[in-house]
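Hi everyone, thanks for coming. Let me put the structure up on the screen, and then we can walk through a few spots together.

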Amino acid sequence: MSRARRSMDWGFPRWRGYGSSQEAANVRICDRHGCDEPGTCPAPKAPNSRDRWYFCQKHAAEYNSRWDYFEGLDKAEKEERARAERQESAGYAEASHYGWAGSGDGSRSADEMRALEVLGLEPDADFDAIKKAYRARAKEVHPDVKPGDAEAARQFQLVQTSYEVLRAAEERREWRG
């Protein structure tokens with residue numbers, strides 16, 4: 001018979017390391033057939049249902065890619081619900097530039113994304129790449145290079161505005177303490 005070992009916590013549970021408890025951990029396996037990963041992401045089995053699937057992150061992303069939030073609503077109801085959702089989350093979008101996250105992970109606004117598209121850049125482009133693309137594009141469509149071309153003048157104004165939007169966003173992100 002083995003002898004009982006002495007506990008090292010001395011009656012103070014907070015002195016133990018996190019996750020070093022003696023009892024067994026309850027782990028739920030992913031509900032996708034054949035997957036042995038932990039099922040940590042709950043997903044509804046049907047709209048407005050309390051029943052949940054529990055998927056691993058990979059299968060949860062696959063499941064959510066086909067999910068239609070507005071299923072069963074007519075066009076007017078969809079637009080009304082989408083408008084209400086945008087109105088509720090407007091405060092989050094307004095304050096997104098205060099986050100710690102970098103670019104390309106959802107921290108850019110819709111205006112910034114359109115500006116990046118005008119300059120032909122990816123969503124995760126850094127500001128040096130933005131400056132470089134702006135200068136190259138401005139040289140192509142500058143009114144001094146193409147005098148009398150109305151389309152080039154419109155493109156130059158669009159490129160100029162896009163750069164101003166991205167420059168202002170970069171200044172908001174940058175800490176000047």
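Which residues bring helix 4 and helix 5 into contact? From helix 4 we have L116, V118 and L119, and they meet I130, A133, Y134 and R137 in helix 5. Please keep in mind that this is a predicted model.

Now, how do we describe such a meeting? Two packed helices are described by the angle between their axes and by the distance between those axes. Here, helix 4, which covers residues 110-119, has an axis that comes within 10 Å of the axis of helix 5, and the two cross at roughly 50°. The crossing of helix 4 past helix 5 is left-handed.

Next, the aromatic rings. The model has four aromatic pairs. One of them is W53 with F55, a stacked pair with 6.1 Å from centre to centre and 20° between the planes. Are these two residues buried or exposed? W53 is partly exposed, at a relative accessible area of 32%, while F55 is buried, at 4%.

Another stacked pair is F127 with Y163, at 6.1 Å between centres and 25° between planes. This pair links distant parts of the chain: F127 belongs to helix 5 and Y163 to helix 6, 36 residues apart. Both F127 and Y163 are buried.

Back to W53 for a moment. Together with F55 and Y63, W53 forms one aromatic cluster. Over the ring of W53 sits the charged end of K45, 4.6 Å from the ring's centre.

How values were computed. Residues numbered from 1 in each chain as written. Predicted model: local features only at pLDDT ≥ 70, side-chain atom pairs only at ≥ 80, totals over all residues. Heavy atoms only, no water. Phe/Tyr/Trp six-rings, centres within 6.5 Å; stacked < 30°, edge-to-face > 60°. Buried < 20%, exposed > 50% of the residue type's maximum accessible area, 1.4 Å probe, protein only. Helix = DSSP H or I, 4+ residues; strand = E, 2+ residues; numbered from the N terminus. Lys NZ or Arg CZ within 6 Å of the ring centre and 35° of its normal. Axes fitted to C-alpha atoms, helices over the stretch in contact; angles between N-to-C directions. Left-handed = near helix turned anticlockwise from the far one by under 90°. Contact = heavy atoms within 4.5 Å.
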